[in-house]
Amino acid sequence: MNILLFGKGGQVGWELQRSLSVLGTVTALDFDSTDHCGDFANPSGVADTVRALRPDVIVNAAAHTAVDKAETEPDLARTLNATTPGAIALEAAKLGAWMVHYSTDYVFDGSGSRPWVETDTPAPLSVYGRTKRESEQRIAESGAKHLILRTSWVYAARGGNFAKTMLRLAQERDRLTVIDDQWGAPTGADLLADVTAHALRQLQQRPQDAGLYHCVAAGETNWNEYAKYVIARAQLMQSAINIIAKEVAPVPTSAFPTPAVRPHNSRLNTGKLQATFGLKMPHWQAGVARMLAEIL
Ligand code: NDP
């Protein structure tokens, strides 16, 4: 199997380089790759790359993920998140190739408290959410065989992440304030990459399982509880760590106004994914603990 991976240097892209390697030959590109265009600001250049390499599978981990910045550069966000993925999907359809793509809980408006299912109606609140929703629609309408995994609160050991920020602040300040009214599940880039490889393997035998799935770790939390878990777990793992924070105070989202509006309810129901692909999603705390073991 020839696999073309876009966005190889991102959180998920990096883990995909590992997980996809057992499925075939992986050509991994970034926005500044020189042999072939991997720059999503250039939709026709990326389409040329697909035509030139004729892969069996295209996995797209590239995106404009700076949610707040997207509010002030909506055209670039749309090109990166929707136009180029749409162009890839059209090429995939012509080739008969599979396309794998990632989307987000931000396609929903965050109302209620029930975990969203795939058939719920999206109503994005932000430029990022709208452009990611558009990517889902373009891919679905392209006629390409596809797998779209909607996920949330992605973290990885590599690069910056929420847990690292909380650990740093907890060693600098005696009191942290973290919002407690946005609910979801922190999901490891490694888990997403492993699920992708597993699903791709099954899809070769069962193409009828193509489509849109919610893919997040099990359980639910809010950012305040997440921060507390990270700090407590880090202290347990490494007693030498000098945590001075005595309190992680809960505050509402309104205490930290941001350009992009975030959904309060980001819970995603993974029943369809688990039933279709014979998977059991691990609890979010297991993945975060593992990431902490890697970074501490
Ligand atoms: P990252 O931001 O870690 O990775 C995105 C990648 O896209 C980076 O390597 C980035 O490069 C690259 N990129 C940026 N601009 C361009 C460009 N012009 N051309 C090509 N590549 C470019 O994101 P994640 O790995 O976390 O996200 C993977 C997928 O998951 C995305 O589709 C995202 O929308 C989705 N998702 C992510 C969530 C999260 O919390 N992070 C939540 C829900 C869904 P560089 O770093 O150099 O800018």
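Visitor: How do the residues of the shell around the ligand divide into nonpolar, polar and charged?

Guide: In this predicted model, local features need pLDDT of at least 70 and side-chain atom pairs pLDDT 80 or more, while totals for chains, interfaces and linings use all residues. The shell has 12 nonpolar, eight polar and three charged residues. Asp, Glu, Lys and Arg count as charged, Ala, Val, Leu, Ile, Met, Phe, Trp, Tyr, Cys and Pro as nonpolar, and the others, Gly among them, as polar. Residues are numbered from 1 along each chain as its sequence is written, and side-chain values use heavy atoms, without hydrogens and water.

Visitor: How many residues surround the ligand, and which are the closest?

Guide: There are 23, the closest being Val12, Phe40, Thr65, Tyr128 and Lys132. A residue is near a molecule if one of its heavy atoms lies within 4 Å of it.

Visitor: What makes valine 12 and valine 154 qualify?

Guide: A polar backbone atom of valine 12 is 2.9 Å from a ligand oxygen, and a backbone N or O atom of valine 154 lies 3.0 Å from a ligand oxygen.

Visitor: Which element supplies the largest share of the shell?

Guide: S4 does, with three residues. Strand S4 spans 98-104; strands are DSSP E runs of at least two residues.

Key. A polar contact is a pair of N or O atoms within 3.5 Å; within protein, one must be able to donate a hydrogen and the other to accept it, and residues adjacent in sequence count only if both atoms are side-chain atoms. Helices (H or I, at least four residues) and strands (E, at least two) are DSSP runs, numbered from the N terminus.
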